[in-house]
Amino acid sequence: MMSKKKGFIFIETLVVVAVLTASLLLTYSTYNSAVVKENIRIKYNDSTHLYRAFHLSQFFRNFRFDYLVSNLSKDPDPQKMNYITPFSCENEGFFEKGNINIALCQTLYNQLHISNMYLTYKDLTEFQDCNDYVGNACKSLYGQVRAEGVNFIKTIGGNDKDGYRLIIEFEECKDGTHGDYNTCDSNYVYYYTTIELGDIYS
């Protein structure tokens, strides 16, 4: 009789442990999902960086976006395909005239805490399933954009929209000041935002 009772208690204990384990796993999964969503809310397309990106795009519209577009290609030939192109104030050909415009661009870069800028297609569904360098479109992405930026770009989609978009990477210390790995003592964060540009003509 005592042996049967011990066996029953043991089974009860196993059931309780199994229920508690399942509850903890569910709680962890819910918590982890909440953390990921909060990080996305904070780091992707927040109002401050969208505001900066909008005014930056208005400034750049005065210059040669068509020159940058010529660097993009959906050609199936892997030697020619390029879905995304980085650019900066030093891009030869973007500013047709003047060191004044280049100097102003560099000032904006610093004041707005910009780390990198990219021109790409508005429809980015090609990038949705990129997990590594497999596939020509994925190669052009992983070869030019850091991992944090890739994660952001994979959330964009596009739904067969025509035109182009600007993607901007901001780098700041956690206190909101401009900085990088060296100046922030490793306490730095990358923020990302995108602005749709529509069609670009020469």
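In this predicted model, 71% of the contacts in the protein chain with a separation of 6 or more are made by residues 24 or more positions apart. The elements that take part in the fold can be followed along the chain. There are six helices and four strands, and from the N terminus on they are arranged in the order α-α-α-β-α-β-α-α-β-β.

The surface and the interior may be considered next. The accessible surface of the protein chain is about 12,500 Å², and carbon and sulfur atoms account for 54% of that area. Of the 202 residues in the chain, 40% are buried. In soluble globular proteins, nonpolar side chains tend to be buried together. The largest nonpolar core here has 46 residues, among which Phe-60, Phe-65, Phe-87, Leu-119 and Ile-153 touch the most other members. Strand 4, comprising residues 188-198, gives the most to this core, with six residues.

Thr-120 belongs to strand 2, which covers residues 114-121. Is Thr-120 buried or exposed? Its relative accessibility is 0%, and because buried means under 20%, Thr-120 counts as buried. Leaving aside residues up to four places away in sequence, Thr-120 touches Leu-72, Tyr-83, Ile-84, Phe-127, Tyr-164, Arg-165 and Ile-167. With Tyr-83 there is a further detail: a polar atom of the side chain of Thr-120 lies 2.5 Å from the backbone oxygen of Tyr-83.

Conventions: Residues are numbered from 1 along each chain as its sequence is written. This is a predicted model: local features need pLDDT of at least 70, side-chain atom pairs count only at pLDDT 80 or more; totals for chains, interfaces and linings use all residues. Side-chain values use heavy atoms; hydrogens and water are left out. Helices (H or I, at least four residues) and strands (E, at least two) are DSSP runs, numbered from the N terminus. Buried means under 20% relative accessible area, exposed over 50%, partly exposed in between (1.4 Å probe, protein chains only). A polar contact is a pair of N or O atoms within 3.5 Å; within protein, one must be able to donate a hydrogen and the other to accept it, and residues adjacent in sequence count only if both atoms are side-chain atoms. Contact means heavy atoms within 4.5 Å. Accessible areas come from the Shrake-Rupley method with a 1.4 Å probe; for residues, only the protein chains shown count as cover. A nonpolar core is a set of buried Ala, Val, Leu, Ile, Met, Phe, Trp, Tyr and Cys residues joined through side-chain atoms within 4.5 Å.
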